[in-house]
Amino acid sequence: MEKKQAIEVFQKKFLGEVDAALTDALIPACTLVGKEKKDILFYEGDEGEQVFFLLEGSVRLFRTTDQGKETVVHFVHAGELFAEILLARETRYPVSALALEPCMLLGVSARRLRQIIQGNPDFALRYIGALTKRLKYLVNMVEHLSSRDVQERFLLYLGHLSASQRLKTVQLPVPKGELALLLGTTPETFSRLLKKLVEEGAIAVDGREITLLQKMPLAGG
């Protein structure tokens, strides 16, 4: 994918259309970034000037405790913007970012993007909408991780996937080991949980495909 095409994809996501003048303004402010599986994009605390729009692949955002334990903050999928904290005139990344598979990203100058948001009401509204969705997701995650056991967290997660995809058979967006980190457990414990749910007739598992055989709970329900 060429840089101009990537910028147009970025615009369609946040504006719903492509503006030629905006494309021309963004070209010198953007860079295409390719990463291989397990490559680090940046570490928590690194100084930076770019926010990122993920074009292809998936990225894990995580923080590391003083004891060296990793806590997953979010899995980024194609079509998402991340590291937006730099738009608030911050200069350091608050999390680390790891490519979970080969990725293609558009790096955008935070300073230039901030100017565009200030001068483009449509873009600003769409950006605020994206931030609101991210905030709601993080609030729900904090609630689930603090007040529910691993099985409840996973069933809620499946319920969310099923509702968003409108399907009974859902595709896990990340490998099971990565999902275990998001749920706050170990891959071994997560594997035992999958086996238990299969034996109970709640789900059927085929690789990363999971078929829901029973009604799943939903957040707030």
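**Ground rules.** I am working on a predicted model, in which local features need pLDDT of at least 70 and side-chain atom pairs count only at pLDDT 80 or more, while totals for chains, interfaces and linings use all residues. Numbering runs from 1 along each chain as its sequence is written, and side-chain values use heavy atoms, with hydrogens and water left out.

**Salt bridges.** I looked up pairs with a side-chain nitrogen of Lys or Arg within 4 Å of a carboxyl oxygen of Asp or Glu. That rule gives five salt bridges.

I started with R63 and E44. Their closest N and O atoms are 3.2 Å apart. This pair joins distant parts of the chain, with R63 in strand β4 (residues 58-64) and E44 in the loop between β2 (40-42) and β3 (50-56), 19 residues apart. I took helices (H or I, at least four residues) and strands (E, at least two) as DSSP runs, numbered from the N terminus.

Next I checked cover. I call a residue buried under 20% relative accessible area, exposed over 50%, and partly exposed in between (1.4 Å probe, protein chains only). R63 counts as partly exposed because its relative accessibility is 41%. E44 is partly exposed too, at 31%.

Then I turned to E178 and R60. Here the closest N and O atoms are 2.6 Å apart. The two sit 118 residues apart, E178 in helix α6 (residues 176-182) and R60 in strand β4. Both E178 and R60 are buried. I also found R60, E70 and E178 linked in a network of salt bridges.

I noted E200 with K196 as well, at 2.9 Å between the closest N and O atoms. E200 is partly exposed at 45% relative accessibility. K196 is partly exposed at 34%.

**Negative patch.** I looked for surface charge next. E17, D19, D24 and D122 gather in a patch of negative charge. A patch takes residues with over 30% relative accessible area and no salt bridge, like charges being joined within 9 Å and nonpolar side chains (Val, Leu, Ile, Met, Phe, Trp, Tyr) within 5 Å. I placed E17 in the loop between α1 (3-15) and α2 (20-26). At 55% relative accessibility, E17 is exposed.

**Helix α3.** Which residues of α3 (residues 110-119) are buried? I list A110, L113, R114, I116 and I117. They lie on the same side of α3, because their arc around the axis is only 160 degrees. The arc is that of the directions from the helix axis to the C-beta atoms. The face turned away from the buried side carries the exposed residues Q118 and G119.

**Positive phi.** I looked for positive phi outside glycine. K38 has phi near 75 degrees. K38 lies in the loop between β1 (30-35) and β2. Its relative accessibility is 63%, so K38 counts as exposed.

A83 also has a positive phi, near 70 degrees. I found A83 in the loop between β6 (81-82) and β7 (96-99). Is A83 buried or exposed? A83 is buried, at 11% relative accessibility.

**T185.** I ended with T185, in the loop between α6 and α7 (187-199). T185 is buried, with a relative accessible area of 14%. I also looked up T185 and A29, 156 residues apart along the chain. Their C-alpha atoms are separated by 40 Å.

Technical notes: Accessible areas come from the Shrake-Rupley method with a 1.4 Å probe; for residues, only the protein chains shown count as cover. Lys and Arg count as positive and Asp and Glu as negative; His and the chain ends are not counted. The place of a charge is taken as NZ of Lys, CZ of Arg, CG of Asp or CD of Glu.
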